[in-house]
Amino acid sequence: MRVVIVTESFPPDVNGVAHCALQTARHLVDRGHAPLVVAPAPAPGSDPGLRAPCPVVRVPSLPLPGYPQVRVALPSRRVAAALAGHRADLVHLAGPFVLGVRGMAAAARLGIPAVAVYQTDLAGYARTYLGAGEAAAWRRLRAVHGAADLTLAPSSAAARDLRAHGVPRVELWPRGVDTVRFRPGRRDAALRRELAPDGELIVGYVGRLAAEKRVELLAGVNRLEGVRVVIVGDGPCRPALEGALPGAVFLGRRTGDDLARLFASLDVFVHTGPFETFCQTVQEAMASGVPVIAPAAGGPLDLVAHGRTGLLVPPGDAAAVRDAVWALAADPGLRAAFGAAGRAAVEGRTWAAVGDRLIGHYADVLALRTPAVAA
């Protein structure tokens with residue numbers, strides 16, 4: 001199978017859409033298929049490589065406002081050229097909005113089936129940043145995804161939202177997690193002493209520091225006695241958050257094994273954003289054997305079994321976040337039980353298993369496009 005994967009954003013070490021696209025390409029190669037990746041050009045002077053196992057076509061890009069490490073694609077005719085040149089059987093559109101729309105149109109002209117992967121709650125972003133525009137965002141999403149042969153949603157909540165807003169042909173396709181990299185054995189006593197020299201309970205957040213992530217909800221947690229808040233990530237809200245969370249440790253962006261060591265060295269992981277269509281960091285914390293606190297909204301509803309692998313709290317409720325952390329701080333046995341159950345819950349969610357499910361979706365789409373042969 002020859003597949004062109006179009007990703008709107010880059011690079012994979014800081015962007016979930018690009019990370020998922022790269023893992024998909026790797027799995028396709030492992031299974032004997034022939035992918036080609038179309039991705040935004042990197043920032044000038046940065047590492048130009050995707051470390052991809054297949055050919056990569058670059059398109060012009062711009063930095064994401066307030067977060068220059070992330071590049072977003074500009075419309076480009078190179079997508080159509082890539083589809084034709086690769087002789088694609090199928091196009092995989094990762095988070096289509098700008099570049100993916102070009103890919104959808106080119107696929108339609110060439111008669112190539114398209115699978116669109118929904119990954120970003122654009123309506124939620126419109127509400128956060130503009131205070132309006134949700135209806136317009138859903139009109140755009142409906143038009144883009146309605147043109148695809150299949151839309152893949154990463155969580156049950158995302159699938160419900162898409163169907164409720166009139167998007168047809170929606171199926172569930174979750175994300176995988178690297179259970180070898182993210183594992184409890186990465187826990188590092190020396191790192192824990194560095195982060196919490198007085199033996200404090202280490203409560204961590206990992207992710208982009210942007211308005212929609214609501215990291216300021218950790219202010220109450222930051223005031224708890226015997227608790228040290230650790231923030232991993234960067235973004236436009238970092239200066240304001242450093243003021244709102246005095247005494248918290250801000251480590252900036254971390255990747256790879258360094259990030260895995262930080263995850264495993266936490267006592268509790270808290271995610272605060274209410275607009276996650278999946279929430280990969282929750283899954284990585286669970287793989288690391290760390291109990292999770294997350295909003296009862298979006299992707300975490302599929303990931304966190306309340307009272308078994310972690311705690312779900314009302315979205316946007318700072319007091320509920322604080323109280324959930326305090327409850328876990330007081331009960332080391334419960335933290336250990338949640339962490340072990342979380343690890344067990346994700347052990348089968350490898351990228352290989354998830355990738356095989358994706359190939360099954362591809363096969364279904366191709367079968368529907370194959371003309372029936374008369375007996």
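This is a predicted model: local features need pLDDT of at least 70, side-chain atom pairs count only at pLDDT 80 or more; totals for chains, interfaces and linings use all residues.
Figure 1. Of the 375 residues in the chain, 53% count as buried.

**Figure 2. Overall dimensions and fold content of the chain.** The C-alpha trace spans about 70 × 40 × 40 Å along its principal axes, while the radius of gyration of the chain is 21 Å, which agrees with the value near 21 Å that a compact globule of 375 residues would have. The secondary structure comprises 15 helices and 16 strands, and among contacts between residues at least 6 apart in sequence, 65% join residues at least 24 apart.

**Figure 3. Surroundings of H271.** H271 lies in the loop that runs between strand 14 (268-270) and helix 11 (280-287), and with a relative accessible area of 4%, which is under the 20% cut-off, H271 is therefore classed as buried. Its side chain makes a polar contact of 3.4 Å with the side chain of E276. Once neighbours within four places in sequence are set aside, the residues in contact with H271 are Y205, E276, C279, T281, V282, I293, A294 and P295.

**Figure 4. Helix 11 and the residue G289 that follows.** Helix 11 is mostly covered, with eight of its eight residues buried, namely Q280, T281, V282, Q283, E284, A285, M286 and A287. After helix 11 comes G289, which has a positive phi near 75°.

Methods:
Residues are numbered from 1 along each chain as its sequence is written. Side-chain values use heavy atoms; hydrogens and water are left out. Helices (H or I, at least four residues) and strands (E, at least two) are DSSP runs, numbered from the N terminus. Buried means under 20% relative accessible area, exposed over 50%, partly exposed in between (1.4 Å probe, protein chains only). A polar contact is a pair of N or O atoms within 3.5 Å; within protein, one must be able to donate a hydrogen and the other to accept it, and residues adjacent in sequence count only if both atoms are side-chain atoms. Contact means heavy atoms within 4.5 Å. The radius of gyration is taken over C-alpha atoms; the globule rule is 2.2 Å times the number of residues to the power 0.38.
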